[in-house]
Amino acid sequence: HPIPVITIDGPTASGKGTVAHRVALQLGFHFLDSGSLYRLTALSALRHQASLNDEHALAKLAEKLPCKFVGDQVWLANENVTSAIRAEEVGNTASKIAVLPTVRRALVGLQLGFRAAPGLVADGRDMGTVIFPQATVKVFLTASVEARAYRRHKQLIDKGFPATMEDLLKDLRERDARDSGRAIAPLKPADGAYILDTSDMTADQAVEQVLRWYAAVK
Ligand code: C5P
């Protein structure tokens with residue numbers, strides 16, 4: 001039997017990160033947060049003051065990303081960047097460089113390497129369409145833009161960051177347009193993907209649905 005893979009793709013703030021992580025914990029599987037690789041590349045570019053127009057230089061940074069994942073901590077060279085990669089600026093830069101084909105290609109090998117026994121849950125935009133098209137279970141996890149803005153708003157306010165619904169709705173719409181509209185690896189459901197709309201669901205209900213789909217085919 002090949003090593004099982006569950007892919008969970010979806011838009012920003014859909015809750016797919018939380019769901020994917022909990023599914024991985026429940027099954028004792030490895031976890032790939034592929035967005036973190038684009039964020040690491042972005043952070044590396046910001047640190048090296050690489051021009052966001054220099055596709056070649058960015059691809060080189062992505063190809064040789066000196067990153068390490070230890071539990072839920074992320075390292076770039078000798079620096080723990082677990083919180084640094086979550087900054088808004090880094091996320092925005094990540095979504096800009098993610099449109100570059102050479103950068104995407106440079107990150108393929110690293111992503112495939114996460115597939116290891118007893119299994120992998122991979123979270124991102126193109127896990128089911130491009131990176132693991134033969135996955136055991138593919139999920140497209142989404143929620144209305146209003147539900148996503150509301151969740152992000154609550155998260156930010158709980159952490160003590162200022163945020164308005166109006167700004168968040170605008171940001172999410174812009175990022176959706178960029179992720180869905182790009183020519184290479186656009187955000188869309190993979191062939192054979194289950195669509196899970198979590199607008200009116202808790203994270204745990206979404207986790208249980210994914211586990212049921214997996215139990216049905218494994
Ligand atoms: O999911 P996260 O917000 O951490 O991802 C940061 C950015 O990386 C996204 O806005 C998206 O443009 C890009 N990304 C991607 N393909 C993936 C994962 C993330 O293009 N598989």
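The buried residues of helix 3 pack against helix 2 (34-47), helix 4 (88-97) and helix 5 (101-106). This packing belongs to a predicted model. Within helix 3 (residues 55-63), the buried positions are Leu58, Ala59, Leu61 and Ala62. Viewed down the axis of helix 3, these buried residues fall within an arc of 160 degrees, so they line one face of the helix. An α-helix has 3.6 residues a turn, so residues three or four places apart point the same way.

**Overall fold**

The protein chain comprises 10 helices and eight strands. Its radius of gyration is 17 Å, close to the 17 Å that the globule rule gives for 218 residues, so the chain is as compact as a globular protein of that length. The C-alpha trace spans about 50 × 45 × 35 Å along its principal axes. Of the 218 residues in the protein chain, 37% are buried. Among contacts with a separation of 6 or more, 76% join residues 24 or more positions apart.

**Domains and their contact**

The domain assignment divides the protein chain into domain 1 (1-29 + 119-218) and domain 2 (32-117). Taken over C-alpha atoms, the centres of domain 1 and domain 2 are 19 Å apart. Domain 1 contributes 15 residues to the contact, and domain 2 contributes 15 residues. On the side of domain 1 that touches domain 2, strand 6 (120-124), helix 7 (127-131) and helix 9 (165-181) each supply at least two residues. Strand 6 gives the most to that side, with four residues.

**Ligand shell**

The ligand is surrounded by 14 residues, of which the closest are Gly35, Tyr38, Ser95, Ala98 and Gly124. Both domains take part: the shell draws at least three residues from each of domain 1 (1-29 + 119-218) and domain 2 (32-117). Helix 2, helix 4 and helix 9 each supply at least two residues of the shell, and helix 2 gives the most, with four residues. Helix 2 and helix 4 are also among the elements against which the buried residues of helix 3 pack.

The table sets out the residue classes of the two groups.

Technical notes:
Residues are numbered from 1 along each chain as its sequence is written. This is a predicted model: local features need pLDDT of at least 70, side-chain atom pairs count only at pLDDT 80 or more; totals for chains, interfaces and linings use all residues. A residue is buried if 20 or more other C-beta atoms lie within 10 Å of its own, exposed if 12 or fewer, and partly exposed in between; C-beta atoms are placed from the backbone. The arc is that of the directions from the helix axis to the C-beta atoms. Two residues are in contact if their C-beta atoms, placed from the backbone, lie within 7 Å. Domain bounds come from an automatic or database domain assignment. The radius of gyration is taken over C-alpha atoms; the globule rule is 2.2 Å times the number of residues to the power 0.38. A residue is near a molecule or strand if its C-beta atom, placed from the backbone, lies within 6 Å of it.
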